[in-house]
Amino acid sequence: MKFSFGLLGAAAALAGSAAAFNVNCNSNYVSYYGQNSAGNQKTLGTYCQDATEDLIVLSFMDAFPNIDLNFANACETKFPGSTLLHCPSMATDIKYCQSQGKTVILSMGGASGAYGFSSDAQASAFADTVWNTFFKGSAAQRPFDDAVLDGIDLDIEGGSQTGYAAFINQLRSHYASDPSKKYYIAAAPQCPFPDAYLGSTLNSAWFDMVFVQFYNNYCGLNAYPGWFNFGDWDNWAKNNAVNKNTKVFIGAPGSPSAASSGYVDGATLGNIFSAVRSNYTSLGGVMTWDVSQARTSGLASTIRSFLNSGGSCSNPGGGSSSSSTTSSASSTTATKTTSTAPSSTSTSTSTAVSST
């Protein structure tokens, strides 16, 4: 069956009751969900019952253009006669999260998988498929049924750079066809600059946000201040990015076991963030890999606390709309009764192998 979007008005009304994500703020918290990195991953909706995260990245679409999805224990059922995951519980949770003011996007790629394009034409055609399968288009099999995602993240860690700019351009043409909501393009490059797999794409296509992985590399958080290179990414955002208002996020491991190197404790991360916020206007906030690790270690709550202290929101084109603001998600707790909260744990404990 094909899904119609005539019934989405109720979900949109719910979303309108909670403060919306504001990409122009420097106090946003992003975390990846779907790989059960800590081994105790809860349902997506559970993480949306409080004001900790502002944006959640579903990980991963780990194969394309022949789509394969992997969300570990969050979704393990498939459409009959198909290899494509069918995730109705996640669909319900996506809409619940959005009703709480959260933004939910899907990550393509990961550290392992079979992905990439052979040509711009193939990439552009795949953008049509992605729009129909995960956004406002129409497809016979939609993994999240009538839920409409808020954007795409490119976590490209292998292969060539062929086609990614064409993919983004075509997807953004679909975005423009639906002025009823804001859609995003994000990327998760490694911290060495320029990124080995997305460098040319970052210079030739529109990005709203980049979640720079300051871990598993010489330029990680553990190398601050010496080799830590947020300044390189700030310079790129202001001078080389197509979108001169691109926001750059400090990507951090959610616990010591979340990465092979780069983890720093909450106090240290807070000090680094404070220094970056004081010196670089491209800063968008903090990203963690992943939500199960950051919640289990307690780092997530520490991040939320220091993000809420003295943030600001820039006006596109420059300037600041306020000198101090808390995260947009911090005002959502009073609206919890507008949508049914999901169950607290997933029913399986399987762990997927992909990671950023």
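1. Cys75 is buried, at a relative accessible area of 7%; buried means under 20% relative accessible area, exposed over 50% and partly exposed in between, with a 1.4 Å probe and protein chains only. Cys87 is likewise buried, with a relative accessible area of 2%. A disulfide, defined as a pair of cysteine sulfur atoms within 2.5 Å, joins Cys75 to Cys87 with an S to S distance of 2.2 Å. The link of Cys75 and Cys87 is left-handed, with -90° about the S-S bond. Both cysteines lie in the loop between strand E3 (68–69) and H2, 12 residues apart.

2. On the basis of the note: this is a predicted model, in which local features need pLDDT of at least 70, side-chain atom pairs count only at pLDDT 80 or more, and totals for chains, interfaces and linings use all residues. Residues are numbered from 1 along each chain as its sequence is written, and side-chain values use heavy atoms, with hydrogens and water left out. Helices (H or I, at least four residues) and strands (E, at least two) are DSSP runs, numbered from the N terminus.

3. The disulfide count comes to four. With bonded cysteines counted along the chain, their pattern is 1-8, 2-5, 3-4, 6-7.

4. Another disulfide joins Cys48 to Cys97, with an S to S distance of 2.0 Å. Cys48 lies in the loop between strand E1 (28–33) and strand E2 (55–64), and Cys97 in helix H2 (residues 88–99), so the pair ties together parts that are 49 residues apart in sequence. The link of Cys48 and Cys97 is right-handed, with 95° about the S-S bond. Cys48 counts as buried at 0% relative accessibility, and Cys97 counts as buried at 0% as well.

5. Cys191 and Cys219 also form a disulfide, with their sulfur atoms 2.1 Å apart. The torsion about the S-S bond of Cys191 and Cys219 is about 95°, so this disulfide is right-handed. Cys191 lies in the loop between strand E7 (184–187) and helix H5 (199–204), and Cys219 in the loop between strand E8 (209–213) and helix H6 (230–239), so the pair ties together parts that are 28 residues apart in sequence. Cys191 and Cys219 are both buried.

6. A nonpolar core is a set of buried Ala, Val, Leu, Ile, Met, Phe, Trp, Tyr and Cys residues joined through side-chain atoms within 4.5 Å. The largest one has 85 residues, and those with the most contacts inside it are Leu58, Phe71, Phe144 and Phe167. Helix H4 (residues 164–176) gives the most to this core, with seven residues. Apart from it lies another core, of 19 residues, among them Phe21, Val57, Phe60 and Trp289.

7. Phe144 touches Leu58, Phe71, Cys87, Met90, Ala91, Ile94, Phe134 and Leu149, not counting residues up to four places away in sequence; contact here means heavy atoms within 4.5 Å.

8. Seven of the seven residues of strand E9 (residues 247–253) are buried, so E9 is largely enclosed by the rest of the structure. Both of its faces are covered, with Lys247, Phe249, Gly251 and Pro253 on one side and Val248, Ile250 and Ala252 on the other.

9. Strands pair if DSSP finds at least two bridges between them. E8 and E9 pair in the parallel sense over five bridges, and Gln213 stands opposite Gly251 in E9. Six bridges join E9 to strand E10 (residues 283–289), and these two strands run parallel.
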